[in-house]
Each structure stands twice: as structure tokens, then as C-alpha cells.
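Here's a quick briefing to read alongside the model. Have the viewer open as you go.

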Amino acid sequence: MGDTLDLTRRSWLRLAGAGAAAAAGLVRAPGIAGPSTALGAGAGHEPQGPYTAMRHAGHAMGPVGRVTSDALNPTAFLRSWNFSDLAPDKRARHYTETRRPDGSLLREYHLAAVDREIEIAPGVFFPAWTFNGQVPGPTLRATEGDRVRVTFVNEGSHPHTIHFHGWHPPEMDGSLPEHQVLPGAQFVYEFDAEPFGLHLYHCHALPLKRHIHKGLYGAFIVDPKDPRPAADELVMVMNGFDTNFDADNEVYAVNSIANHYMHEPIKVEVGALVRMYLVNVTEFDLLNSLHLHGMFFNVNRTGTSRSATETTDTIMLCQGERAILETRFRYPGRFMFHAHQSEFAELGWMGMFEAAGGRRDT
Ligand SMILES: [Cu+2]
């Protein structure tokens with residue numbers, strides 16, 4: 001089967017069965033725990049929800065089925081920051097906060113670079129470099145004026161750094177050769193959280209595109225001292241994965257797992273304010289985008305002002321760009337969201353919101 005296959009990035013995900021996938025070098029080796037079949041009907045994981053209809057209609061796009069790994073739960077990731085997804089005793093090992101005399105907080109984090117294989121589509125495993133075992137890394141969140149202290153331990157196999165966006169002195173930049181933290185070593189990054197906005201952090205070791213693409217990135221939210229209105233807040237990191245190392249992505253997603261929110265729609269309340277922290281860290285493609293069906297949203301680019309600069313239903317971000325999006329769902333039901341680059345959508349960057357309850361007060 002594999003002899004004459006021309007495995008283009010548009011076609012490989014549609015191929016059913018392990019043979020084709022193995023030919024592309026995309027599945028686990030036999031004998032390693034985990035699924036040995038990869039894509040399509042042979043995977044043994046019947047798709048649920050709205051995606052089922054699409055597949056049965058013969059129009060299935062991209063990966064089908066569910067990943068079997070529970071290493072990263074994109075649903076929990078949406079609403080987790082400062083390790084709020086962990087039990088208190090576990091959380092205390094990664095995050096503590098201490099009130100300072102001026103009322104601001106000292107926020108102390110422990111992050112480790114760890115090599116880890118992650119499942120990004122059913123049966124498709126990616127040899128990631130991660131912060132704390134997850135891609136994206138944990139979302140860090142502080143208030144303007146807080147002191148941030150991050151103890152970074154490199155438990156990986158390559159030199160890494162953490163480069164934070166935001167104000168900080170040059171020695172905290174994590175971008176120069178002398179800033180590299182060698183395997184087994186550690187470094188403490190310390191700076192004041194400013195300005196308020198939606199920032200990110202990522203490894204800045206060379207070659208940069210490989211170190212970022214491998215998974216060493218995360219969102220860094222700095223809230224204004226006078227907080228934004230209460231909302232249902234969601235962290236959405238647009239990323240892609242080059243599974244065959246040809247400097248081109250084969251899988252796209254929000255929060256790493258292809259089509260996760262098709263299988264498990266993001267539940268929101270009708271009429272409630274929804275605030276999306278949208279970050280683009282997609283490597284190898286100049287741009288990524290988000291399009292939300294059936295409504296418009298307000299855009300606050302980089303989150304550095306308190307008012308919206310734009311109202312639209314589609315936003316485009318270059319790599320490294322971020323934006324805060326706010327909307328209220330007017331109608332109950334399911335609303336699709338996806339990259340408006342159709343190719344990205346077909347390769348996994350697609351999801352659903354499910355609005356219910358509440359009252360229609362907008
Ligand atoms: Cu690195």
C-alpha cells in the first residue's frame with residue numbers, strides 16, 4: 001500500500017488503518033503501550049457527537065476518533081491557570097503566592113522542561129519537549145505589579161530557556177546563548193508583571209523554530225489592577241505539529257489535540273460574558289486565524305487596553321500574536337469555530353461551542 005503513496009499533508013490524515021500511517025512514520029512502534037492503529041475506522045474508537053454525522057455522510061475531514069491518552073485534557077486546560085487544575089497539595093509544589101506589604105503578590109512557580117511523547121490525534125504521537133509534561137505549558141496568571149519568580153529546571157535532553165513577553169531586564173530575557181539552561185541545570189527568572197495584557201512565554205534556544213515547535217510555550221496573562229468584568233474565561237492556544245519533520249505541519253489544533261472540541265464542545269451559558277484568551281504559536285505558517293459561527297466578538301489585541309478595538313467574526317494572528325475576544329452567546333445550541341484557513345480546519349483545527357441555559361438578555 002505504501003509503495004506508490006504520495007503522502008501529502010492534505011491526504012495522509014484521511015488514510016485508514018495502520019499501514020499507511022506507519023509508512024509515514026506516525027504511529028507508535030509495536031510493543032509500546034498504546035494504540036497501534038492510527039487513523040480512520042480501524043482505530044477502534046467510535047467518534048461521538050456532531051462529528052459522527054459528518055463522518056457517516058462520507059465527508060469526514062482530518063483525524064477521526066478520540067485520543068486515548070489522558071496526559072493533556074484540553075477541556076480542563078481551557079479554564080486552568082496557576083495550576084488551579086491540581087489538588088492543593090500537588091499545586092503547592094508548582095505554585096505559591098505570598099502577599100507583599102504593598103498588597104501585591106509574590107507569585108512563585110516551578111517549571112521543568114521534560115521530554116515527553118504526546119498524542120495529538122488518534123494514534124498520532126509527537127515527540128514533544130514540554131513544560132511540566134504538557135503542551136501548551138501551564139498558563140501563568142498574575143496581576144499588574146505582582147512579582148513573578150519562576151524557578152526553571154531543565155530535565156530535558158537539550159539546552160532550553162524561558163523567554164517571557166513583557167517588561168523585564170535583559171538578564172531575564174532567556175534569549176542569548178549565555179542564557180541557555182543546560183540539561184540538569186536551573187535558572188530563576190524574576191520580574192514584575194507588566195504591562196497588563198495577554199502575553200506568552202516560550203523557549204528561546206536555537207534553532208528557535210524547533211524549540212518552540214516541539215512544545216515549549218504557554219500563555220502568560222497579566223490582569224489589570226482594576227480587574228476586567230467577571231466572565232467565563234477560556235485559554236485557547238492555536239498550535240500545529242510537524243509530525244514528519246519536513247518543516248510543515250500535518251496536524252493543527254487549539255490546545256494541541258486535533259478536533260478535541262468537536263468531540264467535547266466547550267460549554268458556555270447563553271447571555272453570559274465569555275472571554276477568550278487567544279494565542280497563536282503555530283510554527284511554519286505565517287498566519288493562523290479563528291472564525292466563530294453565528295455571532296460577532298469584540299477584539300482587544302494583546303489585551304493591553306481596556307476597550308475593544310474591533311468587532312468581527314474572524315481574527316487573524318501572526319505567530320506570537322495574541323488577542324482577547326469577548327462575546328455573549330445569544331442563542332442556545334452548537335456553534336462551530338475553526339481556522340478560516342480551510343486546510344488548517346481540515347487537519348484538526350475545528351471545534352464547537354455549546355450554549356445552553358441562562359437567559360436571553362442581550
Ligand atoms: Cu528549548
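How many cavities of 30 Å³ or more does a search of the whole structure find? The search turns up four. This is a predicted model, where local features need pLDDT of at least 70 and side-chain atom pairs count only at pLDDT 80 or more, while totals for chains, interfaces and linings use all residues. Residues are numbered from 1 along each chain as its sequence is written, and side-chain values use heavy atoms, with hydrogens and water left out.

**Cavities**
- A cavity here is a set of points, on a 1 Å grid over the protein atoms alone, where a 1.4 Å probe fits but cannot get out.
- The largest cavity comes in at about 100 Å³, a volume being the space filled by probe spheres set on the points.
- Twelve residues line the largest cavity (each with an atom within 4 Å of a point), and A71, L72, I118, E119 and I257 lie nearest its centre.
- That lining splits into seven nonpolar, four polar and one charged residues.

- The copper ion's protein donors (N, O and S atoms within 2.8 Å of the metal) are H160 (ND1), C203 (SG) and H211 (ND1), at 2.0 to 2.1 Å.
- H160 sits in the loop between β5 (147-154) and β6 (163-164) and C203 in the loop between β8 (197-202) and α5 (208-213), so the pair ties together parts 43 residues apart in sequence.
- Along the chain, the donor spacing reads H-x42-C-x7-H.
- Both H160 and C203 are buried (under 20% relative accessible area, with a 1.4 Å probe and protein chains only).

**Cysteines**
- The disulfide count is zero, going by cysteine sulfur atoms within 2.5 Å.
- C203 has a relative accessible area of 0%, whereas C318 is partly exposed at 29% (the class between 20% and 50%).

Terms used. 1 Å grid on protein atoms, 1.4 Å probe; cavity = no way out; pocket = protein on both sides within 12 Å on 5 of 7 lines; lining within 4 Å. Nonpolar A, V, L, I, M, F, W, Y, C, P; charged D, E, K, R; others polar. Donors = N, O, S within 2.8 Å, 3.2 Å for Na, K, Ca; no water. Helix = DSSP H or I, 4+ residues; strand = E, 2+ residues; numbered from the N terminus.
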